[in-house]
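These are my notebook entries on a single chain. I set down what I looked up, entry by entry.

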Amino acid sequence: MAPTLNEEEIDDLIYLARVNELGEFKEELEKLTTREKCDVADIVRVAKDEQSGNGVLHMAAANGHVGMFSLESLRASTTLHRNSYIHYNQKLIDGPNRDS
């Protein structure tokens with residue numbers, strides 16, 4: 001099931017990605033992944049502005065903060081265990097091509 005984020009949580013993630021506040025961004029991700037019992041990829045996927053459709057990846061990249069979303073950068077700050085990373089990587093590989 002997709003995580004449920006409120007508008008304030010989404011706005012916070014988008015803002016933190018836009019201004020490259022990596023430490024706070026990681027803290028927020030950790031809090032949300034724990035609460036929602038999901039992967040970082042799930043949070044990133046749903047954290048989009050309702051009006052523009054722009055998400056945290058868009059905001060970080062548009063402002064030159066592409067390193068913010070390296071797997072190593074995210075892994076260093078979250079409490080997800082090894083199996084979560086295997087699952088996370090598989091989701092990235094499978095993406096929309098998954099037959100389910």
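**Entry 1: charged pairs**

I began with Arg-45, which forms a salt bridge with Asp-42, the closest N and O atoms being 3.0 Å apart. I counted a salt bridge where a side-chain nitrogen of Lys or Arg is within 4 Å of a carboxyl oxygen of Asp or Glu. The model is predicted, so local features need pLDDT of at least 70 and side-chain atom pairs count only at pLDDT 80 or more, whereas totals for chains, interfaces and linings use all residues. Residues are numbered from 1 along each chain as its sequence is written, and side-chain values use heavy atoms, with hydrogens and water left out.

I placed both Arg-45 and Asp-42 in helix 3, three residues apart, about one turn of the helix. Helices (H or I, at least four residues) are DSSP runs, numbered from the N terminus.

I noted four salt bridges in the structure. In one of them, the side chains of Glu-28 and Lys-31 meet at 3.3 Å, N to O. Glu-28 and Lys-31 are three residues apart in helix 2, so about one helical turn separates them. Glu-28 is buried, with a relative accessible area of 12%, and Lys-31 is partly exposed, with 46%.

Which parts of the chain does the pair of Glu-9 and Arg-35 link? Their side chains meet in a salt bridge of 2.5 Å, N to O. This pair links distant parts of the chain, with Glu-9 in helix 1 and Arg-35 in helix 2, 26 residues apart. I recorded Glu-9 as buried at 8% relative accessible area and Arg-35 as partly exposed at 38%. Glu-36 joins Glu-9 and Arg-35 in a network of salt bridges.

**Entry 2: the nonpolar core**

I next looked up the largest nonpolar core, which has 19 residues. Such a core is a set of buried Ala, Val, Leu, Ile, Met, Phe, Trp, Tyr and Cys residues joined through side-chain atoms within 4.5 Å. Leu-5, Leu-13, Phe-25, Ile-43, Val-56 and Phe-69 touch the most other members. At least two residues of this core come from each of helix 1 (7-18), helix 2 (22-36), helix 3 (40-46) and helix 4 (56-62). Helix 1 gives the largest share, five residues.

Not counting residues up to four places away in sequence, Val-56 touches Leu-13, Ile-14, Ala-17, Phe-25, Val-44, Ala-47 and Phe-69.

**Entry 3: Val-46**

Val-46 lies in helix 3 and is partly exposed, at 27% relative accessible area. Leaving aside neighbours within four places in sequence, I found Val-46 in contact with Ala-2, Pro-3, Leu-5 and Ile-10. The C-alpha atoms of Val-46 and Val-56 are separated by 9.3 Å, the two residues being 10 apart along the chain.

**Entry 4: positive phi values**

Where does Asn-20 lie? I found Asn-20 in the loop between helix 1 and helix 2. Its phi is near 60 degrees, a positive value in a residue other than glycine, and Asn-20 is partly exposed, at 37% relative accessible area.

Lys-37 lies in the loop between helix 2 and helix 3. Phi of Lys-37 is near 50 degrees, again a positive value in a residue other than glycine. I recorded Lys-37 as exposed, with a relative accessible area of 75%.

Definitions and conventions:
Buried < 20%, exposed > 50% of the residue type's maximum accessible area, 1.4 Å probe, protein only. Contact = heavy atoms within 4.5 Å.
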